[in-house]
Amino acid sequence: MKAYKIIFSGIVQGVGFRPFIYRIAVKSGVRGYVRNLGGSEVEVKIVGKEENIAEFMSLFFLKLPSPAKIEKIIVEDSEIENFKEFQILKSGSTIKEVGEIPPDLSVCDECMKEVLNEKDRHYMYPFNSCAYCGPKFSIIYKLPYDRENTSMKDFPMCSSCQKEYEDPENERRFDAQGISCPICGPKLFLEDIKGERIEGDPIALTAKLIEEGKIVAIKGIGGFHIAIDPFNDDVIIRLRERKKRPQQPFALMAISTDVIKKYAEVSEIEEEILRSPERPILLLKKRESISKYISPGLDRDGFFLYYTPLHYLLLNSLKNKISVMTSGNIHGLPMCIDEECVKDKLKDVVDYVLYHNRKIVHRVDDSVMRISSRRIIMLRRSRGFAPTWIRIKKKVEPTIALGAELQNTGAIAFDDKVILTPYVGDTDKLENLEEMENSIRFLLNTYSIKPKYVIADKNPAYQSLRLAKKFSEEFSAEFYQVQHHFAHGLSVAAEKGVDEGVIIAIDGIGYGDDGNGWGGEIIKFEGSKYSREYHLRYVNYAGGDINAKKPDRMLALFLSNFLSWEEIKKHVKLSEKEIKILEMQSKKSSLYTSSVGRFLDAVSAFLDVCHERTYEGEPAIKLEAMKGRILDFDFPIKGEEIDTIEAFKWFLNNNLRKEDIATTLQYKLGEALVNAAERLNPERILVSGGASVNEYILKGILDNAKAEVLTLSKVPPGDGGISLGQSYFKVL
Ligand SMILES: [Zn+2]
Ligand SMILES: [Zn+2]
């Protein structure tokens, strides 16, 4: 006989871990117990013959349910006690540390089998779930994760569900907090936008409406989507007009990867990402365009698989098994999470509303990923990932980080953990700033954190800065501001556990230490000390932020370095009056920018790719979509500047194909950035910032780097990852 005490840590609560341990213990014939220790730990004691214990361990590694994530296993010899059986012990009240909040996961295959099985009591049930799947974070009011602390408290279990809930032999439903069935669970309703109830099967009727060209809001896990028929140009155009989103790509939800493969190229790794329980939207290379209005001017579409039985049943009722599923919001504002919001904010956008009566407690947008130069990149980290812990290698004092401003996330950090809020959106809008505040407060309360530090960006115009000051006063916490691009680099440092190196931080505009708009920076750092070593050549940034919306203004400002304003007129799409104003502004302005984003904007205007930015990054994304060759051109490095002006002289003086200009400049810019970084003889180069997701820039960097190149995989390289970098600042 042998006895061991085993401590498992990781995501082991709310995911059926203890019943799993119970089952494999019974199967392998060991005795003892399993119990929650709180935090992220579960304790197991096993007593048995050596071969039984060996079987227990091998079953453990073979059968571990996928939502459980084990980070550490500690095994100790223990005294042999005389247990009669194996038991799941009630978690004691001694638990102090709060565990990890489980994220929302896609419906699992087992649950879908039940939904499609006529004989099962969950047949056709749109809300079927088990311990391994379904909404979790989005329905939690507070921890511990018990049914009465979730919005499932409105749905007391029927006797059949209760029986499964109490049966430790029941693999997927024992102690599973969110379970329900057609008898006891949430219900679906279909109404027109005026509130008139439509009687009949809500899912079949919704499918019919979509195929008739109607626009339908659909309540999901973390908010509302807007669904339309992706093959119907008229309805896509109508939705674009109503949402005032003339160009922004719409995501497509499909019933299977086979359906997606009809329209996009899907590699093995991409298929794996699509099918993962997090079910992110994945940007995939187009094969065949469904409609040219889905993602105008782009070479990729965003696809994702159904992630609730409701989605599955709806898609299955559609002839083509695929639907536009774009987020149910007004441009720039948070996605609606209740029917009242839809009927108010979206009354001029949607025709019908399909909703259910389970409350969404936390708004959780869809996550978005892509693969760039063979690296997996997170573009938006939300459903499936938030608010799981990101472990860092060092201990951090309790910290709040407020990120930047656009596509923002906040974070709290303590011990060796950083917890990012779900994607919040642009915090220059009051509604989003409130969302940020609520998310941070929820995390502070959940983990009983009193912050010692509050960290914000240096930009004095950011609204997130005001919130940071408010938190700092409220908690008497020390207040720090971290330069935008240094924070971008620190997010890589935090994820990879390094504390020195050379950063390539490339993006739109971040507030520089000299007050200028930085965005193409080579920064050397050691701990919390950093120095800006190289940057893109400064160009006049007269007028400031308005240039980001008007790529032709940027083009004119670049050209004004070597052309007269008379000559500039021939190359830009600006009115006589606009040019006059810009000329005057530029003569008075003392504001400069070194932004990669603004450089790409100017090139994009010159190549007639984009003259008005209607969504974040549009000109650069459309430039990236052009497929050209890499020609012979190099950006000169003069002093501490990478000279971007030379690029304009180069293509003005040569008769070149547009596609070749686009591809060459992106690739060669990556090469120039890494060449500058290599002059500092770094061991490693940390690449971050919104522009670093660009396929060609990243390839230019990777192809030409001698040092190890580190990029982010857990958080977005764009501003959605800044809060991680800020959280790491006081660690160094
Ligand atoms: Zn399930
Ligand atoms: Zn039930």
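Visitor: Which strand holds V75?
Guide: This is a predicted model, in which local features need pLDDT of at least 70, side-chain atom pairs count only at pLDDT 80 or more, and totals for chains, interfaces and linings use all residues. Residues are numbered from 1 along each chain as its sequence is written, chains are lettered from A and ligands numbered from 1 in the order written, and side-chain values use heavy atoms, without hydrogens and water. Strands (E, at least two residues) and helices (H or I, at least four) are DSSP runs numbered from the N terminus. The run at residues 69–77 includes V75 and is strand β4.

Visitor: Why does V75 count as partly exposed?
Guide: Buried means under 20% relative accessible area and exposed over 50%, with partly exposed in between (1.4 Å probe, protein chains only). V75 counts as partly exposed because its relative accessibility is 46%.

Visitor: What is the radius of gyration of the protein chain?
Guide: The chain has 23 helices and 28 strands. For its 732 residues the globule rule (2.2 Å times the number of residues to the power 0.38) gives 27 Å, and the chain is as compact as a globular protein of that length, because its radius of gyration, taken over C-alpha atoms, is close to that value, at 27 Å.

Visitor: What share of the 732 residues is buried?
Guide: The C-alpha atoms fill a box of roughly 90 × 60 × 50 Å along the principal axes. Within the chain, the buried share is 62%.

Visitor: How far apart are the end C-alpha atoms of residues 200–384?
Guide: UniProt, in an unreviewed entry, lists these residues as "domain: YrdC-like"; such annotations may be inferred rather than shown by experiment, feature names are shortened, and positions follow the numbering used here. The stretch is 28% helix and 24% strand, and its end C-alpha atoms are separated by 33 Å.
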